[in-house]
Amino acid sequence: MLSPELQPRSFRPYISSSVSAPSISSYKHASQERSSANPNVTSFNYSNSPSPSSSSSAASAPRSLKNSRFSPSSFAYNTRLALALVPCAAFLLDLGGSPVVIILTIGLMLTYIIDSLNFKSGAFFGVWFSLLAAQIAFFFSSYMYSTFHSIPLSLLAAFLCAETNFLIGIWASLQFKWIQIENPTIVLALERLLFACVPFAASSLFTWATISAVGMNNASYYLMAFNCIFYWIFAIPRVSSFKTKQEVKFHGGEVPDDNLILGPLESCLQTLNLLFFPLMFHIASHYSVMFSSAAVVSDSLLLFFIPFLFQLYASTRGALWWVTKNAVQLRSIQLVNGAVAMIVVVICLEIRVVFHSFGRYIQVPPPLNYLLVTATMLGGAAGAGAYSLGMISDAFSSVGFTSLAIVVSAAGAIVIGFPILFIPLPSAAGFYLARFFTKKSVPSYFAYVVFGSLMVMWFVMHNFWDLNIWMAGMPLKSFCKLIVADTVLAMSVPGIALLPSKFQFLTEISLISHALLLCHIENRFFNYSSIYYYGLEDDVMYPSYMVILTTLVGMAIVRRLSVDHRIGPKGVWILSCLYCSKLAMLFISSRSVGWVSAVLLLAVSPPLLLYRDKSRTGSKMKAWQGYAHSVVVALSVWFCRETIFEALQWWNGRPPSDGSLLGFCIVLTGLACVPIVFLHFSHVLSAKRCLVLVVATGLLLILMQPPLPLSWTYRSDLIKAARQSADDISIYGFMASKPTWPSWLLILAILLTLASVTSVIPIKYIVELRAFYAIAIGIGLGIYISAEFFLQAAFLHVLIIVTMVCASVFVVFTHFPSASSTKLLPWIFALLVALFPVTYLLEGQVRIKSIIEGYGLGEMGEEDRKLTSLLAVEGARTSLLGLYAAIFMLIALEIKFELASLIREKAVERGRHRCSQSGHSSSAPHTRFMQQRHASSVSSFTIKRMVAEGAWMPAVGNVATVMCFAICLILNGHLTGGSNQAIFFLAPILLLLNQDSDFIAGFGDKQRYFPVTAAISAYLVLMSLYTIWEDVWNGNAGWGIYVGGPGWFFAVRNLAVLILTFPSHILFNQFVWSYTKQTDSTPLLTLPLNLPAIIITDVIKIRILGGLGIIYSVAHYLISRQQYISGLKYI
């Protein structure tokens, strides 16, 4: 039956009332009358077309759109285009390499930022510019000519890549709604262009990628297969996403031809591409041997007639609507052309496949063998085609179909050498199979299974039973038994599935048994790929695509039987796990990986597959079921530990440590429990917290890799052999690993922190527990830092532990204060500040003293050891500086967070108080004015009430911020020699400064950016002065000595251009402090003063000051201008 848009107007059905306008009763009645008048016409519902819906965007569209046939809506065919273009994009990224990936990533990130700012046209052009830049980079980074060694082919390939990139851009453009509203005709043209061009580009690129992976053999057949797939996806008539469905009522429920995406021209071109492109590709690549043999000629005919048959099948879904819309003519085209194509395909398959690959099993001499094989294949194809087209509908056709089945079965049995005496056996099998199709008799099908199984067993025993061959790691006889059993099960399943529902368990048992046998056979084939024959060995690879193909077919059968309610959810669960587990063999070479994957999937998938029926009240797990599934998951992961070890070894290239292996097992257990927690216990907060702790424990074990006790490790022969092989010992010897026991302390501290954050440990409510927690965290971190970084300086351990305890207590009790903590915390911070210089000085003095006392002043022969010790002192001091910088940074962040929370709470309380006083009578201008004055009132209010909440917090936070900034500057000098760029990363630390009248008078929230800009300017100025002084003092004045004479000229010149940069920096810093508007010309007048600093000076820091001065001047002007415009708008 043709789809409605392909039928003549007089025969087109009405659209169902469910997709029409609200006033629909008259059309529904008309549809019923039309259907009663013409019983051959049925009603269709376009599920593949976009459903009409009125949106706010359509309501606000121009009036012209309301009277047009265009309807702005989302693009409905994104899934189809994603199937074609996403793999093509991935292949192009692989061809282009990292330059294309980097450029495209940067471009799309910028586009995302522009789109987040609601600049839609900018995002649109950002996408296109990103694709254009990526395409240019692709042309320069890919090696087309070296790949094809031909200029025309290289140019053709480059054009194909550019066309695909262009199509991706068109697809992205269709996602912008504003383009649909402003340019409706362009959107319709882009949609048609996509559907017309994507099949050509996608099939070519898919074939290119397949050839790159598996070679050039059978490339024409790959192209033919991809052509058929994309023809089915895009060439079957589809209704446009952007055509309004309100026009249905103006055409009596008919869908006009111009509502289809593709027109007759595009459909014709796609049909020509389907029929001739694979054939022309085959001729171009095999023109020198086109007529060398019958097999090559058969390839050419198959490449034309197989797509031709597929196109005739697609015509049942409307693919030939552009040829004719007369159902009788279309039926005659299908029958006549289909018969001719089937005859040619069958004869070519005989030559190309049957006699070429299976000629050894044909036991009939020529020419009788050609006649019998042709009769068997043509008769079988004719019977299958007649039954699929519904031509077996009366007694006469049933008799002919049964007779044909008997003749085909007998002829096929004679071809394979079946004894003439037992020819009634295959004839009976054909009779019962035909009876099953014509009478729908289940007993007849089981009779066919019995006779067919006997024939399969005879064929296997006759051809393979007596061969003394080991295949797939077993004798051929054992393998034949498995093949026969699997075949018999496969033949029995369709009949068992047709039994009444009370025998559903038999269907599930049969399918599971068949899947188990298939997994076992493929595992042996794939992982035991050698054949041993009389001592000779030859590698026979089971192709990877067969594993993928059997998995896809199995999943499709399971889904179909599940939809038809032939199998229950438990059967679907087991079968899905078994079929998917086979895919693991493609990635890991372990011989047990298939079964291990099946066990893991069976343990992980029940929350997804067995409890997903939300209509049932019992679909959610109970608590004991959740615990049981979690235990099963953990046991299954532990059972699969050797496979996890092999997978990690394959991924890393070396055996993982015991801690890493245990960590991966724990992480895998936690991730496997995620469906249990989030699908069935999402309301249980403790379950989520425990899951976070479990995953965090595994990740910490992976990252830290701590040593494990021997009682915790599993030392199988496989792991022992992988850990230390004979080659490793002979090359490297026995290597002693560094002790890593302190990492357990860090792991424990992090887990305790997570437990407190997730409230597993209730430190928020119990002060004693809070104090014990803070001290334990401090001791653990102190011991870890001392043992990991200061192992040689034992005298520092006590000071470091005390420092970490003080820092931990301060942070914990600042976040969760107690009644007396506000009095003690300033003294703890003072102790922490005092420990810093003491620890720093003791580290150097004690070590230097020990060096002098150990070697003596006169022992100058040990210079190397002394130098090493001095370097160790310097390194330890640098580590101490980094430690205290991190501590002060943490304290400053914590105080900033607490003060921000305090300000927010006070603002909320003040707002509630004012609302309660004024009620709801305040006018709109007054509310607007109060919103403008909100920030300043909150600041002044907070400072006045700060004494009641702890006035020491801003001062402590400011001291911690300044000390952190100062230590970071010292570290910059030690580690980088005073890097110029480092100040831009270190100055933002000063954003942590708080409002404190004792620190800086008038410093508030409005001035928060002043310390950052002032610090950058001051640092660069001081470093510039130091550089000038150092160059002049040391006589290294650069090119100034050679051009202008002595060093004073160098100093004067650079000082002069340095002073010229001061006005821009001073004006901008004053503006950042006060935000007082100045004349627009002031910052622009100071801008040229920075140009000499960039052009004349040869001190890089002065050049940076000049460039920064230009940026400051421009920013000053733009911000002032924006403030002026905002003020005008407010007025």
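Biologist: Where is the place of Ser427?

Modeller: This is a predicted model, so keep that in mind. Ser427 sits in a helix, and that helix is H17.

Biologist: Is Ser427 buried or exposed?

Modeller: The cut-off for buried is under 20% relative accessible area. Ser427 has 16% relative accessibility, so the residue counts as buried.

Biologist: Leaving aside its neighbours within four places in sequence, which residues is Ser427 in contact with?

Modeller: Contact means heavy atoms within 4.5 Å. With neighbours within four places in sequence left out, the contacts of Ser427 are Ile406 and Ala410.

Biologist: Which helices do the buried residues of H17 pack against?

Modeller: Start with the buried residues of H17, among them Leu425, Pro426, Ala434 and Phe436. Ser427 is also one of them. The buried residues of H17 pack against helix H16 (395-415) and helix H18 (442-463).

Biologist: How far apart are the end C-alpha atoms of helix H17?

Modeller: H17 covers residues 424-439, which is 16 residues. At 1.5 Å a residue, the helix should span 22 Å. The model agrees with that, as the end C-alpha atoms are apart by 21 Å.

Biologist: Which residue follows H17?

Modeller: Look for a positive phi, near 55 degrees. The residue that follows H17 with that phi is Lys440.

Biologist: Which helices each supply at least two residues of the lining of the largest cavity?

Modeller: The largest cavity holds about 50 Å³ of space. Its lining residues include Cys519, Asn523, Gly594 and Trp595. The helices that each supply at least two lining residues are H20 (504-527) and H23 (593-604).

Notes. Residues numbered from 1 in each chain as written. Predicted model: local features only at pLDDT ≥ 70, side-chain atom pairs only at ≥ 80, totals over all residues. Heavy atoms only, no water. Helix = DSSP H or I, 4+ residues; strand = E, 2+ residues; numbered from the N terminus. Expected span 1.5 Å × (residues − 1). Buried < 20%, exposed > 50% of the residue type's maximum accessible area, 1.4 Å probe, protein only. 1 Å grid on protein atoms, 1.4 Å probe; cavity = no way out; pocket = protein on both sides within 12 Å on 5 of 7 lines; lining within 4 Å. Points joined across faces, edges and corners; volume = space filled by probe spheres on them.
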